Amino acid sequence: MSGEEGPTQQQQPEQEKKPDEPPSAASDAPQQESAAAAEPPAAVAEPPAAAPAAEEKPLSFRALVLTGHGGYDKVKLQVKTMAKPKLKAGEVLVRVKACGLNFAELLARQGLYELLPSPPVTMGMEGSGVIEAVGEDVNDRKVGDRVIALARSGMWQEVAVVSADRTFLMPEEMSFEEGAALTINYMTAYMMLFEMANLRPGKSVLIHMAAGGVGIAATQLCQTVQDVTVFGTASASKHETITQGGVTHPIDYRTKDYVEEIRKISPKGVDIVLDPLGGSDTQKGYSLLKPLGMIIVFGAANCVTGQRKNLLAMAKTWYNQLSLNTMKLMQSNKAVSGFHLGYITDEQLFGRTMSTLLELYKQGKIKPRIDSSYHFEEVSLIGFAV
């Protein structure tokens, strides 16, 4: 889906007030005595007067800040100034070169993403850049490393402090833009397909929003398994793109009933449905499952219909949600699962998944598709749309 509203006016950078400057450190050495004072014994050397401690230069950087929930105008470019951060054990300081935009940020802007702190807050869950400093107990990262970084928020700025465990070394051939577009989309798609649905050769998968970030990632990952049939919903203008990416049967959800179209090709339905839509589409997806099939719900895009929160769309999605009981599940031999990357805290799972994805990238089997790139100054002018 794409927003119909026009871009907002560009926001001028807002210079935040600098913190109070710390007082100069006073020398602990005694002041030099006058000529009349008695000289110290020859055997005792007088310590030289210590030079005043050099004041650390404040760190200034640009950041895209969500100042309140609402439309594009709530995302403003600001210049922040702070003392150079003192890294805790296990942390690294990253000079951000590129950062990613995910559907969760669109939800967050409208106040529909519960894991984002309240505004004002710098958004951004993923980015890529170069390590500028490392804290104690960081042994596998060093200054100058090119890394992908993952955080709850705070990546939409020029410098970011992140846990070293949430950084991943980039292949030399990977661009910063690709690194910033890899983490959230591909980890989400990989964990759903392989950790939850156990995708195997010969299976069939329905991917909604196949031209979106997770949709493209899931399609590419399906191509790593033999004889997987992919049904993908997208507007007609994107069919050529998703077909080239590996979608077997593209379906224009705007002009056709995708349930009927899938039944024409595969009367028994599909094995796996990836559902980022919610509401009535979850019910349709469940009805399309073959026996022993699985639907994985990982979003509620039907709630987002414009720049701002739409209470009617939210109510409609909630009213039409799938409702089941365990007896019905038993009788249908189907599985319903939910997935939310933000609630996964298993660091070993993160590391194992990223290791696999980076290896697939180096083998040329997956490659993030960059739709467009903008400088920070352009974001508040253009806005970001669904």
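Within how many Å do the axes of helix H5 and helix H6 come, and at what angle do they cross?

**Entry 1: ground rules.** I am working with a predicted model, where local features need pLDDT of at least 70, side-chain atom pairs count only at pLDDT 80 or more, and totals for chains, interfaces and linings use all residues. Residues are numbered from 1 along each chain as its sequence is written, and side-chain values use heavy atoms, with hydrogens and water left out.

**Entry 2: H5 and H6.** I looked up helix H5 (residues 258-265) and helix H6 (residues 280-288), and their axes come within 11 Å and cross at roughly 10°. H5 is therefore roughly parallel to H6. My note on terms: angles under 35 degrees count as roughly parallel, over 145 as roughly antiparallel, 65 to 115 as roughly perpendicular and the rest as oblique. The axes are lines fitted to C-alpha atoms, for helices over the stretch in contact, and the angles run from 0 to 180 degrees between N-to-C directions. Helices (H or I, at least four residues) and strands (E, at least two) are DSSP runs numbered from the N terminus.

I then listed the contact (heavy atoms within 4.5 Å). On the H5 side I found Tyr258, Val259, Ile262 and Arg263, which meet Asp281, Lys284, Ser287 and Leu288 of H6. Sorted by class, this contact has four nonpolar, one polar and three charged residues. For the classes, Ala, Val, Leu, Ile, Met, Phe, Trp, Tyr, Cys and Pro count as nonpolar, Asp, Glu, Lys and Arg as charged, and the others, Gly among them, as polar.

**Entry 3: salt bridges.** I counted eleven salt bridges in the structure. The term stands for a side-chain nitrogen of Lys or Arg within 4 Å of a carboxyl oxygen of Asp or Glu.

I looked at glutamate 158 and arginine 62, whose closest N and O atoms are 2.8 Å apart. This pair links distant parts of the chain, 96 residues apart: glutamate 158 is in the loop between strand E7 (146-150) and strand E8 (159-163), and arginine 62 is in strand E2 (residues 59-66).

Arginine 62 also meets glutamate 377 in a salt bridge, at 2.1 Å from N to O. Here the partners are 315 residues apart, with glutamate 377 in helix H10 (residues 376-382).

Next I checked accessibility (buried is under 20% relative accessible area, exposed over 50%, partly exposed in between; 1.4 Å probe, protein chains only). Arginine 62 is partly exposed at 25%, and glutamate 377 is partly exposed at 32%.

Glutamate 347 and arginine 166 form a salt bridge as well (2.9 Å, N to O). Glutamate 347 is in helix H9 (residues 347-362) and arginine 166 in the loop between E8 and strand E9 (167-169), 181 residues apart. I noted glutamate 347 as partly exposed at 35% and arginine 166 as buried at 17%. Shared partners join Arg62, Glu158 and Glu377 into one network.

**Entry 4: backbone.** Most residues other than glycine have a negative phi, and most peptide bonds are trans. I looked for departures.

- The peptide bond from proline 119 to proline 120 is cis, with omega near 0°. Proline 120 lies in the loop between helix H1 (103-109) and strand E5 (121-122).
- Leucine 292 has a positive phi, near 70°. Leucine 292 is in strand E14 (residues 289-297) and is exposed at 76%.
- Asparagine 333 has a positive phi, near 55°. Asparagine 333 lies in the loop between helix H8 (326-332) and strand E15 (335-338) and is partly exposed at 43%.
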